[in-house]
Amino acid sequence: MARSLNIFIAALSLIALSPLCLCSKAYGTGGYLFPQFYDHSCPKAQEIVQSIVAKAFAQDPRMPASLLRLHFHDCFVKGCDASILLDSSGTIISEKRSNPNRDSARGFELIEEIKQALEQECPETVSCADILALAARDSTAITGGPSWEVPLGRRDARGASLSGSNNDIPAPNNTFQTILTKFKRQGLDLVDLVSLSGSHTIGNSRCTSFRQRLYNQSGNGKPDLTLSQYYATLLRKRCPRSGGDQNLFFLDLVTPFKFDNHYFKNLIMYKGLLSSDEILFTKNRESKELVMLYAENQEAFFEQFAKSMVKMGNISPLTGVKGEIRRICRRVNHAY
């Protein structure tokens, strides 16, 4: 009854909302998500998430980037359904084992901490999928980036897809067309691709993710000529031909812990760390123009990033009676 009232009130309030705050038609489903979904069933939900994310950021400045990445890697596999959080058990093979996530995805314990706090406040109400979406928004804002109203009402999957995680998430060495195709499969376009790539204004990447650019980009034993050779020389000091796979490097060498537009400025100077970053400037005219726009106009980047994050957060969520509200994010409810 409380949920029905909640949805009804949320629907009425839509009339007064701006376009970014409107209820969001979820891509690939018939479900709708509402920023006000928990206003009555768990009014402190967003406050609780924001508080715990802020505390984590104070202790670990890498955490916001990790939380953003979790949401992205979740949404690109079967939709935004928290499947990435599930451990292997029974018939479930965890997405944590996939190539994009193994040894690099992090922040799982923090999501569980948030979930535990929400379970104490309002049991079996707030989904793990919505926690991921809210944490991604709060991670962006707390590091200096834009904020936005997050459409809510996602439910949690009862399964995971290791193959989907391996195949659907764009890889650092993918071609521009392959990456764009992976975005289009999710209902996202080139503008979303460029703006969402701007999340690499914070965070780190491992040596193993860009080593080929330093030594053998095209299989001819030569480095990537679209990488600043001065920058490449610096990178080689801690990313040798062999060994050091897990050594971490800032994705944005200028302001690595601040969400700003320096990522795009770096691309223009051929100092994008990953091949998948630099090709936005070198392989497509339209994406190059967007890179130049965002490098010049941070406000334009922030505005589009917020819109694209809402759009990505709407990828095939489970709504209504589909899925479940997990009590513990790393396992389905019947696994107790």
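Me: Why is the disulfide of C128 and C329 left-handed?

Reply: The torsion about the S-S bond of C128 and C329 is about -95°, so this disulfide is left-handed. The structure is a predicted model, in which local features need pLDDT of at least 70 and side-chain atom pairs count only at pLDDT 80 or more, while totals for chains, interfaces and linings use all residues. Residues are numbered from 1 along each chain as its sequence is written, and side-chain values use heavy atoms, with hydrogens and water left out.

Me: How do you know that a disulfide joins C128 to C329?

Reply: A disulfide is a pair of cysteine sulfur atoms within 2.5 Å, and the sulfur atoms of C128 and C329 are 2.1 Å apart. C128 lies in helix α5 and C329 in the segment after α14, so the pair ties together parts that are 201 residues apart in sequence; helices here are DSSP runs (H or I, at least four residues), and strands are runs of E with at least two, numbered from the N terminus. By the disulfide rule the count comes to four.

Me: What makes the span of helix α5 close to the expected one?

Reply: The expected span of a helix is 1.5 Å times one less than its number of residues. Helix α5 (residues 128–142) has 15 residues and reaches 21 Å from its first C-alpha to its last, which is close to the 21 Å expected.

Me: Why is α13 called roughly perpendicular to α14?

Reply: Axes are lines fitted to C-alpha atoms, for helices over the stretch in contact, and angles run from 0 to 180 degrees between N-to-C directions. The axes of α13 (residues 285–296) and α14 (residues 298–313) come within 5 Å and cross at roughly 115°. That makes α13 roughly perpendicular to α14, a word used for 65 to 115 degrees, whereas angles under 35 count as roughly parallel, over 145 as roughly antiparallel and the rest as oblique.

Me: Which residues make the contact of α13 with α14?

Reply: Contact means heavy atoms within 4.5 Å, and the residues involved are L293, Y294 and E296 of α13 with Q298, A300, F301 and Q304 of α14.
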